[in-house]
Amino acid sequence: MRMGGQLARAAFTAFGWLSPRARRVAIRWWAPSYPVGAICVVVDGGEVRLARHTYRPGWCSPGGLLDRGERPERAAVREVLEEVGLDVDLEEGPVPVVWPGYRRIDLVYRGRLAAGARREHAGVRSHSLSVVL
């Protein structure tokens, strides 16, 4: 048996001796954990609606981390409403984007303004699709 195999067998044996609580702590400590965010690219006609954040330079799509137990699609709609005050309907997604260096996963949705939603808001800026993409 290889040395690595012996070490793994010994680790699993030792793990089996741990209490259930200690096992949960060990799994949480060793297992990779990535926070999950939801981002919504808001398309209105031929334009993409962008937001200016106070914590990041420039303009970007609204988004943020999911609350515990929150569905990603609900988080995307909530983030748009919280950050720029616009109601949106999701059209496509999610497209997962993994950021290994930041240990984060973002789920990106495409949305459009909901019927009857205001199109102008102080925190929103539009660029044509050709400029953004």
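Here is a short chat about a predicted model of one protein chain.

Student: Hi! What kind of model is this, and how are residues numbered?

Tutor: It is a predicted model, where local features need pLDDT of at least 70, side-chain atom pairs count only at pLDDT 80 or more, and totals for chains, interfaces and linings use all residues. Residues are numbered from 1 along each chain as its sequence is written, and side-chain values use heavy atoms, with hydrogens and water left out.

Student: What is the mean pLDDT of the chain?

Tutor: The mean is 80, and 83% of the residues reach 70 or more; pLDDT is the predictor's confidence in each residue, from 0 to 100. Over residues 128-133 the pLDDT is below 50, yet beyond near neighbours in sequence this stretch has 8 contacts in the model. A contact means heavy atoms within 4.5 Å. Where pLDDT is low, the predicted coordinates should not be read in detail.

Student: OK, new topic. How many helices and strands are there?

Tutor: The chain has 4 helices and 7 strands, and along the sequence they run α-α-β-β-β-β-α-β-β-β-α. Helices (H or I, at least four residues) and strands (E, at least two) are DSSP runs, numbered from the N terminus.

Student: Where does Val-88 sit, and is it buried or exposed?

Tutor: Val-88 lies in strand β5, residues 88-99. It counts as buried because its relative accessible area is 6%; buried means under 20%, exposed over 50%, and partly exposed in between (1.4 Å probe, protein chains only).

Student: And which residues is Val-88 in contact with?

Tutor: Leaving aside neighbours within four places in sequence, its contacts include Cys-40, Val-42 and Leu-113. Val-88 and Cys-40 are 48 residues apart along the chain, while their C-alpha atoms are separated by 9.0 Å.

Student: Is Cys-40 buried or exposed?

Tutor: Cys-40 is buried, because its relative accessibility is 0%. Cys-60 is buried too, at 13%.

Student: Last one: which residues lie nearest the centre of the largest pocket?

Tutor: Ile-39, Arg-56, Trp-99, Arg-104 and Asp-106 do, out of 14 lining residues. On a 1 Å grid over the protein atoms alone, a pocket is an open set of points where a 1.4 Å probe fits, with protein on both sides within 12 Å along at least five of seven lines; lining residues have an atom within 4 Å of a point.

Student: Which element gives the most to that lining?

Tutor: Strand β4 does, with 3 residues.
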